Each structure stands twice: as C-alpha cells, then as structure tokens.
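Me: I've got a new structure open and I'd like to learn how to read it. Could you walk me through a few features?

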Amino acid sequence: RHALVCAMGAVSAVPVVCPRQIAWGRTCALGGSGFFLSLVFPYVFVGLMAWVGSRVIYRLGVAVKQARELGSYRLVERLGEGGMGEVWRAEHRMLARPAAIKLIRPEMLGDVGADRRREVLARFEREAQATAAMRCPHTVELYDFGVADDGVFYYVMELLDGLDAERLVEQFGPQPAERVVHLLRQVCHSLAEAHERGLIHRDVKPANIYVCRYGRERDWVKVLDFGLVKSSGTPEAPSLRLTGDGTVGGTPAFMAPEQITGERP
C-alpha cells in the first residue's frame, strides 16, 4: 500500500504539471485522447507495475520470515554449518531470552532413502533427549526440540558467549597447565553425570568443549554435542541403532582405544 501511494504520487507529477504549462502557454496544447495516451496512461501503467512488483517482493519476504520460524523461535543469523546440520542464533517471539537452534534439513542428507533419513532424525532426537536429561551446569542446556512442518528437525539450546577449546588453542596457543586443569575438571563434572545416567558421550574433543562467560563466571565450560551418545545400561533396540555393525563412530584423533576396537562393552 505504501509503495502504491508513493508511486502514484511520483508519476502524477507529469500529468499535473503539463496542463499548467499548457494553460500558461509554455507548451503546445494536446487533445483529450493525446493527453491521456501520452501523459497519463504510461505513467499510471508504470505506477501499477511498481505496485505489482513491490507486492510480490513483500509476499516473498513474508513467506521467508514464516519459513524461518520454528515453533516460538525466529531464526536470525547462521552461526555455523556442519556435514548434516546448521546452528542458528534465534530469538523467542515473546521472551527476550536469546537461543541457539541446531537443525538438520532433509535436503542436507543428499540422495538417501527414507530409512536413512529416519535414522538421522532419530539420532538428532536422541541427542536432544540425552542432553535434556542432564542437570549439570557444565552441560549445554536444552530448551526445546521438535520437527517442523517441512521435515526439519531442530532443537533449541542456550546461546553461549565464548569459543570452543579448539579455536582457543588455534588463536592463543597452548594454555597454561593450571587453566587446562581448571577446564578439564568442569568437563569431568558433565561427563560424570552422564555416566551416572548410563550414558557415554563418545565424541569428547576440543571442538565440543566450549569455554564461555556464564553470568559473572569466566572460563566456564559447557560440554556440547551428545549426538553420538550411547547407553551403557540396557541394550539398544534395533530401531535405535544408528551405527551399523562394524562401524566406528567418533573423531579418530580423539578416540579411546576401547572405542576404536568397538567389540567390548
């Protein structure tokens, strides 16, 4: 509507000025049809074209905004992207609390079958459930998770202010032993609770150890990405076995020996 008003105000300048010029004898007079076809119709047509274009663009913008809303959250900025998932900074539509949303879109899986898609979505759902069960302040807090209408699986986490241990070493070099001990003790708090609940992380590495500012605390550790978590208690149901027989999951450079062999409890 605003575009239509502005466009018509702009294109009306020529039809309004020309009659005054004719009345003052400063330009040649035109008949009614000539005046309309040369000075009115072209400018009205251009104004309507501008309105149609702005209407299409506005509707596309609304569609994009709606597509970037997951539940009560709106995606604001992409923070990172991995092999199968993305992490976005998000805002709650009613609360002032910022959040980070991890999601996996169906097209990011490539040309795979429906069974494989279900397996990957089951893995992310399992990661969300395992993380939500933790109460240690050194485990990343999970707010919500679900599946959007377009098949995107997402879960909402707290937004952290800091950097992971891998980037910390890359940017600032090896850290003093005292600081390393301080950080690792916090990691152990998170993993100890997981072990008490019968869960094994299986992908402990610097990239999953986040060093951040937490309230007034500095060098506060949050353990991320329980995506390869495995229950050490009851056997897994076949539908939940997200790693095939003979397949080793994890990051090779940081695997424990018993994890590499893969044949022992």
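Me: Where is the place of Gln186?

Reply: Helices are DSSP runs of H or I with at least four residues, numbered from the N terminus. Gln186 sits in helix 6 (residues 177-196). Keep in mind that this is a predicted model, where local features need pLDDT of at least 70, side-chain atom pairs count only at pLDDT 80 or more, and totals for chains, interfaces and linings use all residues. Residues are numbered from 1 along each chain as its sequence is written, and side-chain values use heavy atoms, with hydrogens and water left out.

Me: Is Gln186 buried or exposed?

Reply: Buried means under 20% relative accessible area, exposed over 50%, and partly exposed in between (1.4 Å probe, protein chains only). Gln186 has 5% relative accessibility, so it counts as buried.

Me: What is Gln186 in contact with, leaving aside neighbours within four places in sequence?

Reply: Contact means heavy atoms within 4.5 Å. By that rule, and with those neighbours set aside, Gln186 meets His138, Asp219, Trp220 and Val221. With Val221, the Gln186 side chain reaches the backbone nitrogen at 3.0 Å.

Me: How many aromatic pairs does the structure hold?

Reply: Rings of Phe, Tyr and Trp (its six-membered ring) pair if their centres lie within 6.5 Å; planes under 30 degrees apart are stacked, over 60 edge-to-face, and the rest tilted. There are 3 aromatic pairs here. One of them is Tyr214 with Trp220, stacked at 5.4 Å centre to centre with 10° between the planes. Tyr214 is partly exposed at 31%, while Trp220 is buried at 17%.

Methods. Helices (H or I, at least four residues) and strands (E, at least two) are DSSP runs, numbered from the N terminus. A polar contact is a pair of N or O atoms within 3.5 Å; within protein, one must be able to donate a hydrogen and the other to accept it, and residues adjacent in sequence count only if both atoms are side-chain atoms.
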